[in-house]
Amino acid sequence: MIITKYPQKSDWKNLVQRPTLEKQNLKSLIAEVFDNVSKNGDEALRFYSKKFDSAEIADFRVSRNEIETVKSLISNDLKKAIQQAKSNIEIFHASQKEPINKIETTSGVTCWRESRGIEKVGIYIPSGTAPLFSTVLMLAIPAKLAGCKEIILCSPPNEKGEINPTILYVAELCGVTEIFKVGGSQAIAAMTFGTETISQVYKIFGPGNQFVTTAKEMATEFGVAIDMPAGPSEVLVIADEQAIPAFCAADLLSQAEHGADSQVVFISDNQKFFEETLNELKSQLQNLPRKDLAEKAIENSQFILVENLSEAFEISNLYAPEHLILAIENSEDWTSKIANAGSVFLGNYSCESAGDYASGTNHTLPTNSFSRSYSGVSLDSFLKKITFQNITKQGIQKLGKTIEIMAEAEGLFAHKNAVTLRLNQINQNN
Ligand SMILES: NC(=O)c1ccc[n+]([C@@H]2O[C@H](COP(=O)([O-])OP(=O)(O)OC[C@H]3O[C@@H](n4cnc5c(N)ncnc54)[C@H](O)[C@@H]3O)[C@@H](O)[C@H]2O)c1
Ligand SMILES: N[C@H](CO)Cc1c[nH]c[nH+]1
Ligand SMILES: [Zn+2]
């Protein structure tokens, strides 16, 4: 737990560092996995599944029979909860559909965009320390709404070579087309190159640990797109004296429990409230089943007392958190101060877990300061926007001269000719 009281502005940059693994070692390990999978396909996947997941896998593909069997293993309460979350996520993501908007930029020149679902997508579902079946909802629902034809899912197997049953249940519920028992960087390599069993995809989605995130970054070097770097979870809480220490402590721990390399940041402008929250956090931590992981994450986490809320927002923007909680009075009035954040939770009752599971927003979000430049997953992430134009005879007459002048100025006479020939033909026929 790193506690800093009233830091100088010059020290702020030291407060916003993440506890990441040494990038060069990570990259060389992943480069080896990519090389092996690209050359040896399924055989390499078998080698890494044994090495990293202690799993012997004969067939990576989950069979229809395995999918049918899990239905009876899920309780009715869990099925109902999943149904409510699914409905909210569908409503929110369906609302992101854009109507086709035809715009006449010059009379006779009409431009518009149409969306097309990316045909083949791969979704990665983390399952190293916890089976994140909620991530299936977050990725498969927008993929389906976007009209993606092939949605393949990869998730790590346990030592018996099985995928968590709830992951399988949700995948089937949301229309995933194929499911494979493979995790970590080897899964990302498989979706990048394709193997005998696993199809190559056009874009890879999903969160994961630092191995998975580095592998996704490497996939882009081989022409496969990714959603964004969505690595170890983070939350930054800004709280004033009207916040509730127990709530803030619980929110901080909710992200700390994801993994030892998660990080949480707590910023307050009120000394008494600050101390109360630290005490509350220490006491709640003792009762968590994942205490060991959360404790390690808290060791690398920042607790900062500031002079005022304006400073809190400046530090938050510098940090660029995945999740930002504003436990402050009239929180909605402060949103214009936010420059960088993946997803924001306003007031004392918008707990971050709501966004993780069921409110409707997407939980696949940029970490490690990437919220400076990336958005979280949305319907758009699964779409390409194709532009169209329809230019009439009248339109090219109005625009032609401009194109000719610009093409000539760039020295591109074939471009100019494409207009001139048309203008000449129109003039001859008039
Ligand atoms: N940013 C987001 O949107 C978001 C959302 C959900 C979860 N997360 C994060 O996802 C992560 C999930 O991590 P996880 O580990 O539980 O599951 P995971 O599925 O991401 O990773 C598990 C896999 O990592 C590989 N692995 C483990 N140790 C390795 C090693 N030493 N060398 C090479 N490969 C190794 C194994 O193949 C294993 O199958 C957490 O950090 C969590 O915070 C982020
Ligand atoms: N908080 C994670 C995103 O960083 C998402 C998640 C899934 N399940 C629980 N939490
Ligand atoms: Zn979470």
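Predicted model: local features only at pLDDT ≥ 70, side-chain atom pairs only at ≥ 80, totals over all residues.
Me: Which residues come nearest to ligand 1?

Reply: Of the 30 residues around ligand 1, the nearest are Gly-128, Pro-156, Gly-183, Gly-184 and Pro-207. Helix H2 (23–53), helix H7 (184–193) and helix H8 (210–219) are the elements that each supply two or more residues to this shell.

Me: And which domains does the shell around ligand 1 draw on?

Reply: Domain 1 (2–18 + 232–360) and domain 2 (23–106 + 115–230) each give at least three residues to the shell.

Me: Let's turn to the sheet. What is the order of its six strands?

Reply: Two strands count as paired if DSSP finds at least two bridges between them. Here, the open sheet reads E1-E11-E10-E9-E12-E13, and the pairing is parallel. Strand E1 (2–5) and strand E13 (343–346) are the edge strands, each pairing on one side only. On average, neighbouring strands are turned by 15° against each other, direction ignored.

Me: How many bridges join strand E10 to strand E11?

Reply: Four bridges link E10 (residues 263–268) with E11 (residues 302–305), and the two run parallel. Look for Phe-266, which stands opposite Phe-303 in E11.

Me: Which strands do helix H9 and helix H12 lie across?

Reply: Helix H9 (residues 245–256) lies across strand E9 (234–239), E10 and strand E12 (323–327), running at about 165° to E9. Helix H12 (residues 309–319) lies across E9, E10, E11 and E12, at about 170° to E9.

Methods. Residues numbered from 1 in each chain as written. Chains lettered and ligands numbered in written order. Near = placed C-beta within 6 Å. Domains from an automatic or database assignment. Axes fitted to C-alpha atoms, helices over the stretch in contact; angles between N-to-C directions. Contact = placed C-beta atoms within 7 Å.
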